[in-house]
Amino acid sequence: MTQLALGHGPRGGHARAWWYLLAFVALLLVAGGSARTASAVGEGFFSLDADSYQIQEGTALPVTILRTNGTTLEQDVNVTVQLSEGTADFDYPASTITQVVKFAKLSNVTSQTIYFQTINQQRMVDKQVRVTITQVSIPNAIAYPSTAPILLLGIGSPRVLDVVPKSANPFTDKGQWIDIYGVNFSNAADTCPPGALPNSAVIPPAPYAPLDGTGQPIPPSGPRCTVLVEFYAPSGAPPGPPVGYPGTGNIVPAGDWQVLSPSHIRAKVPTLPQILQPYNVRVTIRDPKAPPPLANGTANAPNVGTHYLSTSSVVPGGRFWFQQAGGPTINNLSARTGSVSGGGFVRIYGTNLTAAMCSTPGWVTFGGVPVAPGNCTYEPATLTLAVTTPPHSAGPVDVVVGPYPAGPPATNPLTPETTFTYAGGPTILSITPNSGPTAGGTTVIINGTGFAGVLCPGTGSSASVRFGATASAGCTVNSDTQITAISPLGTGTQQITVIHPANGTSPFTTAANFTYSAGPVISSVSPGGGTPGGGTLVTITGSNFADGATVTFGGIASASVMFISTTEIRAVTPAGAGTVNVVVTVAGVASLVTNASVFSYATPGITLIQPNAGPTAGGNIVTVKGFNFTSGLLVMFGNALVPPADVTFVDPTMFTVKVPKAVAGPVEVKVTTPSGTSPAVPGVTLYTYTDGPIVQGLNPKEGSTGGGTIVIITGVNFGIATAPVPQVLFGTTPAEAVNRNSETQITALSPAVAAPGPVDIIVTTGQGSSPVAPEDVYTYKSVPPTITGLSPDNGPVFGGTTVTLTGVGFLGVVCPDGVKFGTVKAASCTVNSDTSITAVSPPNVAGPTTVIVTSPNGQSEIIANFTYTTGNATPTPPGSPLPGVPPATGSPVSYSLNFRWTLFTWMGPEGIAVASALKGQPQGGPDITARVAGIFAWDAGQNVWLAYFPGTAGGPPRASDFSTFQRGRTYWIAINGKDPLVFGTIDQ
């Protein structure tokens, strides 16, 4: 066996082989390319918010029209929505059949809701109508779903809402009782006379709802009886005996079910055909007051008489799953939600759960991700499984127990009880600015949630922030709720996405659309506000500005515009009111209206309080920055009004204030001018009174996730020399070591953390903890991967050994390409944290090799740290020997072939025909001939490449230069398709 290496294929030499090679590479490049996916910009696509609706008749149904893939609307868009398949003024008012939804020009709304009113007919049956988007005022803008059924639930129709348990085996568990819960079943004491059950399929009559003079339903003259319970096969599934109503259900014999109340029936499971889809459990009732139904288009169906049949409609709760004999089921989960990082506790309740499901790797999975060894325990006292959830991307997943991935029917049925939802993936709420020049370079603030652990910047396929399909030119994770990114080159409107290495990709939202402009672009307006009378000097930064540009504020031109450079213009505001758009026009081309190009003539706002903490005695000076400040402004700290003499107005963006005294705790700082009062901004407008420690500075402000950085913390109230040494937290992790140098300085050794990103350094003494402030933010940076240990550090040459890698800098590693044993990537791997990876070794040559981990931050050191052994190798039974080739008796050799090229050294039988080796001889393995496109060998003596091409349809090799493998010789092999392939032989 030999170590494999990936390369770019052979070069030079033999003309015929070279042309074959070029042609093959061209085909591979075409096959390897990914198809472009069309995406709408501008007005977007419009669809319904659901593919089906249900509502009680007589109530109003909300229908939401969704708009996706759009940017700011350049025109009014009208969406026409219409009802059908019903009777106007009977099922719904005629006036509501058609409604037009308007999405207004210059807005960026993503949805609008309308209501369709239905009419209460007091029906004993359900009725279906339909809602459809029939037209959008722009072409080709209707998306799926554009039409959906609406089930109008009759006031007296029976309905199955739940089935407990939801699965059983109708063969081995025949006779097992299940509970059916719902509404409008008959009373337990009511009985039905003979002939209530049809012996043939019937066609329901027109809806029946007799009303008296006041509009109230007339009660039936006889009992309202339950007459039928059945398990109805879904569409496309093998049907049961045609004895049910309306004709393809599996009927429960009359003696095998009993009505306990109008909302509860108990029934035995009938014999059911085995299908993997759920059955719909249905209940049929009889109303003797109804007119006779029709059978095959004629009145008076046999054995029916005047017995009206009303059957429950299909609803999600009334479903029952077929269970494999002896197979497991899941009846409940103790928790149905958890973090995308895993680590949550879930107890699994069900039947046929065994200890083997915990002791066998991969038999308990969440969304296909196995529960880690040691994180699953079988508890015989409760017959349950206690598991710790593995990490998974955000969204709902199925919990599966059994011999996964063998799949159904050996595993449990997938019912609503098996669904577990992971939460915590990245979400974008807003971006500022949302436009920039085509040349890129715009600094964009991305606000949202779930950003902690995102690796910046990343490149190519591992990029963590993308503008469309292009990686950002740079990015920094400021906090769990904010990222700063630099736009790359681009055109048109692109969707910004954030990719978390473990938690998935942010979903589409028009709030994340970034528009590129070849004309002037505004990236900031400073200050962001001024007085209503005008006269404020505003600096406008951006790109593509030019001398002679004009500036308008809310459509009113500035009388004074100064061109400073292509990235800066200064303008004096005209008089105005409210919040207006700022527009720069160059050579007749106007800048886009974005969230970065606004100016406020009204309310003041605070953007920074520095410092944001101080003593309860007050008297210290604080600088407040923001916009729309005016001379004579009023300042309040909580409920305390600062004397005007203690406020010094500097300019519309800044003032200083002497802090009044107050009791310990946080207060809101507010500024009031004639235009209004500043709003509260979380994390910005709070000031904390404290006589405890306050952090005022850090040096340095960043360090490695591996810890060990010496950080000097400056501030006040760190304690006298005889007081206990303060506690220092980096986020929630204690510092490795702490030394108090003085009452105003601490030296701390940063601890190791699992993920990069910003954290607050909090100092705690006997007087309390320091408040969070911008000055206390310490940023952890990822480091190149470092491997400190492997367990185990050896395994057989066939691979398959599960190895735990410990070290640091593992976040951002892409599995399995980021972990290699020598030059061969791991068979599979999972990044558990920044300090742990679990990998499965691939086949390789015997002897020591190097495990290498690669992340966006670099590559681990090349040190031989894993040994492949042959002692555990079990010879593969040889296949049929070839003529002239002795029987194979050596150890197996396994080559992992990858798309597109793989370099390997032949260690099998000397002189074996290549055609025979590809067919699996002598080891009796699979025939890989159809997957092989070509094999090449370098002839150093002739200085040419030699080529071998397999035949087609069993025919001879095509135009090949060699036909046998030579032991110890190196070959390049190219395979079709992107899936890897194992090529085996026997070492002789």
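This report describes selected local features of a predicted model.

## Basis of the model

Because the model is predicted, local features are reported only at pLDDT of at least 70 and side-chain atom pairs only at pLDDT 80 or more, while totals for chains, interfaces and linings use all residues. Residues are numbered from 1 along each chain as its sequence is written, and side-chain values use heavy atoms, with hydrogens and water left out.

## Cis peptide bonds

Tyrosine 144 and proline 145 are joined by a cis peptide bond with omega of about -5°. Proline 145 is placed in the loop between strand 7 (127-136) and strand 8 (147-153); strands here are DSSP runs of E with at least two residues, numbered from the N terminus.

A cis peptide bond also leads from serine 791 to proline 792, with omega near -5°. The loop that holds proline 792 runs between strand 69 (786-791) and strand 70 (794-796).

## Residues with positive phi

Aspartate 89 is not a glycine, yet its phi is positive, at about 65°. This residue belongs to the loop between strand 4 (77-84) and strand 5 (98-103). Aspartate 89 has a relative accessible area of 54% and is therefore exposed; buried means under 20% relative accessible area, exposed over 50%, and partly exposed in between, with a 1.4 Å probe and protein chains only.

Asparagine 544, likewise not a glycine, has a positive phi of about 60°. Its position is in the loop between strand 41 (537-543) and strand 42 (550-553). With a relative accessible area of 34%, asparagine 544 is partly exposed.

## Two buried loop residues

Valine 659 sits in the loop between strand 55 (654-658) and strand 56 (665-673). Its relative accessibility is 3%, so valine 659 counts as buried. Not counting residues up to four places away in sequence, valine 659 touches Gly618, Gly619, Asn620, Val622, Phe637, Tyr687 and Tyr689; a contact means heavy atoms within 4.5 Å. Valine 659 and alanine 617 are 42 residues apart in sequence, and their C-alpha atoms are 8.8 Å apart in space.

Serine 558 is found in the loop between strand 43 (556-557) and strand 44 (560-565). Serine 558 also counts as buried, at 11% relative accessibility. A polar atom of its side chain lies 2.6 Å from the backbone oxygen of valine 572. Residues touched by serine 558, not counting those up to four places away in sequence, are Val551, Phe553, Ala571, Val572 and Pro574.

Strands of a sheet pair through backbone hydrogen bonds, either parallel or antiparallel. Here, four strands form an open sheet in the order 40-41-45-44, with antiparallel pairing; two strands pair if DSSP finds at least two bridges between them. Strand 40 (521-526) and strand 44 are the edge strands, each pairing on one side only. On average, neighbouring strands of this sheet are turned by 25° against each other, direction ignored. The angles are taken between axes, which are lines fitted to C-alpha atoms, and run from 0 to 180 degrees between N-to-C directions.

Strand 44 and strand 45 (residues 568-572) run antiparallel and are joined by five bridges. Valine 561 stands opposite alanine 571 in strand 45.

## Cavities

The model holds two cavities of 30 Å³ or more. A cavity is a set of points, on a 1 Å grid over the protein atoms alone, where a 1.4 Å probe fits but cannot get out; lining residues have an atom within 4 Å of a point. Grid points are joined across faces, edges and corners, and a volume is the space filled by probe spheres set on the points.

The largest cavity has a volume of about 40 Å³. Its lining consists of Ile55, Leu61, Leu83, Tyr92, Phe116, Thr118, Val129, Ile150 and Leu152.

Technical notes:
A polar contact is a pair of N or O atoms within 3.5 Å; within protein, one must be able to donate a hydrogen and the other to accept it, and residues adjacent in sequence count only if both atoms are side-chain atoms. On a 1 Å grid over the protein atoms alone, a cavity is a set of points where a 1.4 Å probe fits but cannot get out, and a pocket is an open set with protein on both sides within 12 Å along at least five of seven lines; lining residues have an atom within 4 Å of a point.
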